[in-house]
Amino acid sequence: MFVLFIGGLSFLVLCFPIVALDFDLWYHLLGGTYILEHHTLPAQAFFSYLPNSDRWVDYYWLFQVIVTSLHQVGGYFALIVLRSLLYLATVVLVWLCLRTDEDNGDNGVFLIALAMACAYAMAILPRDLMLRPHVFTYLFIVLFHYVVNDRPRWGWALPVAALVWTNVHGVEYPVLLLTCGAYLAEYFLPKFLRRPAPETIRRLRWPLIVSLYAVLATPAGVGLLPKPFAPPLFHERVISELNPQNLGAFFSLSLYPGGNWLETATNGLVLFVAVSVLALAWSRRLRLSRVVLFAGGLFLLPQSRRFTYEFLLLCLPVVADFLRLVAGWRPRPIPWKGALAAGLIMIAATLWSVNEFLGKQARYPLDVARLPVGTCDFLLRQGPGGKVLNVSNPGGYLEWRLYPKYLIFMDMQTMLFPSLDLFMSLNMFTDKLVFQRALDRYGPGFVLADVRDKDFLKRMEGVGDFAPVFFDDVLTLYADAKAYPDLVARNRLVAIDPATCVTEDYEAMEEAKRERMLAECRRVHEVYPDGLIVNTVMAKIALARGRTQEAMGHASRLMEVYPDRYMGFALAGLAAFKEERYEAALEYNTDALARAMPSERVLVVRNLYATYARLKRFDKAYEALESVINPMMPAATFLDLSDMGMSAVAAGKTREGRLLLTMALAKAPESEKAKVKEIEELLAMMDEPRQ
């Protein structure tokens, strides 16, 4: 049965592309490229023009070499395979740790073990989807447990694993020391008390002791030791995964359909570990190693959300011991047919939850939606090189694409840059004085700001002479007009505002302005034909001009590049609607609604409403509006209420329709006299007595 579970899980994670949940993967790829080219480890932030510091210890150098080597051979698909194998190997080892020969075929204990394995698979999935060094840490924690508790004859594999571990993710060496120390405590404490040590631990003492010294077997040597305990000040206030967490959050359980089952699995496991410790202590079956592992994990748990996963994996032997305790109780046996049905339901629910979490399939093998691909393409094709002042979050991808032609300000390697640099990067795009001082100090020729920041130029008016010259779906590029007058003259964006252009009313816009915006969009589109924003604007301009086939071309491109986003399907629906192909419009809009975020649903539902109305399916039209509009709330507009009322009347819901139309009249503005007259006539008609 577990093989079936792993098979389904393998299919789901192998089909999930590389997604920029963060941008760390790309600075690891650049670091690995540097190491392979120079045959030495970087000692400074070679990709940045910030003053050199002695803070950097490349404690994940081996991870960088591994991912870079695989990427050079097999591209992003090879990275997907690596990510999937590490995750699946961790889940399999968790299962092997939980299974025990003591259950004697007890189906009840088997089901509990399966439930715990499913919960662990769901809990660690969100973190393991990010291909970062911690995925090796999770695997090695479970591997140590499995060898010590179930395969002691493999003991001398532990120092090898420890050596790889500390060179792949050296900053996590305290977890290695905690794991080895917890098991060694079961040897040294009895020796201190002049009692016999357990045979298994006695056989493993030297492999575990040698494993401890692996923390010194890295290029950093003793320089690695202070790194976990000397983070830059206030970085935890910026990076969400470093934020301290309230232990009360683990009592949040969403068991209803549509709830976050993966978070529920994580919280449920934390609570289950606590219950297991109490049960083992009450039964006097709580081993010393488990006490140390639980205490160490409990120390880490409130430090930040990221340590939740270390806590759960460190305490895996506690859960396994509890299952053995349950097996010893010999509960009433469960018939195999019932156990089979329960197990299959459990597996199906887990796979369904994972599939729901992964969402609609993005472009494979790389989802470019969150990556500043276009701005990098523009800089590499048309820019002369130099310094780029950038928002820090996408810095990992920027440095990977732009180095060595350009140097950036900084990325999010928190151990590398002082807190003042991070403070500058967070404040210089909103504070005029900080921005001015950054320009004066570093003299960058280009600035990369958030594409959604519509007030950036206004806030920075009078500082420097930067003009917008390009944009993609992540960043807007500004160039120094004094330093690069020709580049700015050729590419300056005057008519189009990247932050607001998607929401412009192109139907009501003057043709001259539409033409100016389209000309600038064409320049952007030539460099980055996959852009979501630029294709959307060009499609909307085409629709406003009645060129539906041209709009459909842009919509098709968006559906191909961003199959998990709603916009391409919504635009295709609008084009089909204008061509009076209402069944096709209905299909496109239904697909768009399935992909829309909550904030995007109202627009799509309005398109669905209009389509249902043209198809004379007024009951569906009313249901569509009812799903997103609360007529009793102030946010409901006159148009919302009148459309809901009209569709309700047409659908035969006379009582609801009468009330909605009356409510619409209460909100009717002076400019809607024609609509008001139509509503009044309809209400009067409804009030006429039937013959």
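What share of the contacts in the protein with a separation of 6 or more comes from residues 24 or more positions apart? Such residues account for 70% of those contacts, where contact means heavy atoms within 4.5 Å. The model is predicted, so local features need pLDDT of at least 70 and side-chain atom pairs count only at pLDDT 80 or more, while totals for chains, interfaces and linings use all residues. Residues are numbered from 1 along each chain as its sequence is written, and side-chain values use heavy atoms, with hydrogens and water left out.

**Figure 1. Overview of the protein.** The C-alpha trace spans about 100 × 75 × 40 Å along its principal axes. The protein has 29 helices and seven strands; helices (H or I, at least four residues) and strands (E, at least two) are DSSP runs, numbered from the N terminus. Of the 691 residues, 54% are buried. Buried means under 20% relative accessible area, exposed over 50%, and partly exposed in between (1.4 Å probe, protein chains only).

**Figure 2. The largest nonpolar core and the surroundings of W26.** This core has 241 residues, and those with the most contacts inside it are W26 and L98. Its largest share, 16 residues, comes from helix α3 (residues 61-98). A nonpolar core is a set of buried Ala, Val, Leu, Ile, Met, Phe, Trp, Tyr and Cys residues joined through side-chain atoms within 4.5 Å. With neighbours within four places in sequence left aside, W26 is in contact with I18, A20, Y76, L366, L371, G396, Y397 and W400.

**Figure 3. Packing of helices α3 and α4.** Two packed helices are described by the angle between their axes and the distance between the axes. The axes of α3 and α4 come within 9 Å and cross at roughly 155°. Axes are lines fitted to C-alpha atoms, for helices over the stretch in contact, and angles run from 0 to 180 degrees between N-to-C directions. The two helices, α3 and α4, are therefore roughly antiparallel to each other. Angles over 145 degrees count as roughly antiparallel, under 35 as roughly parallel, 65 to 115 as roughly perpendicular and the rest as oblique. The crossing in which α3 passes α4 is right-handed; a crossing is right-handed if the near helix is turned clockwise from the far one by less than a right angle, and left-handed if anticlockwise. On the α3 side, the contact is made by R83, Y87, T90, V91, V94, W95 and L98. On the α4 side, F110, A113, L114, M116, A117, Y120, A121, I124, L125 and D128 take part.

**Figure 4. The salt bridge between D22 and R132.** The closest N and O atoms of this pair are 2.5 Å apart. D22 is in the loop between β1 (18-19) and α2 (24-38), and R132 is in the loop between α4 (107-128) and α5 (134-150). The pair links distant parts of the chain, 110 residues apart. Both D22 and R132 are buried. A salt bridge is a side-chain nitrogen of Lys or Arg within 4 Å of a carboxyl oxygen of Asp or Glu, and a search of the whole structure finds 24 of them.

**Figure 5. The salt bridge between D150 and R324.** Here the closest N and O atoms are 3.6 Å apart. D150 in helix α5 and R324 in helix α12 (residues 316-329) are 174 residues apart, and the pair links distant parts of the chain. R324 counts as buried because its relative accessibility is 14%.

**Figure 6. A salt-bridge network around E515 and R522.** E515 forms a salt bridge with R522, and their closest N and O atoms are 3.7 Å apart. Salt bridges that share partners join E511, R514, E515, R522 and R545 into one network. With a relative accessible area of 34%, E515 is partly exposed. R522, at 40% relative accessibility, also counts as partly exposed.

**Figure 7. R459 in helix α18.** The helix covers residues 456-459. R459 counts as partly exposed, at 27% relative accessibility. Residues up to four places away in sequence not counted, R459 touches F429, T430, K432 and D453. R459 and K432 are 27 residues apart along the chain, and their C-alpha atoms are separated by 6.6 Å.

**Figure 8. Helix α14.** This helix (residues 373-382) is mostly covered, with seven of its 10 residues buried. The buried residues are V373, G374, T375, C376, D377, F378 and L379.
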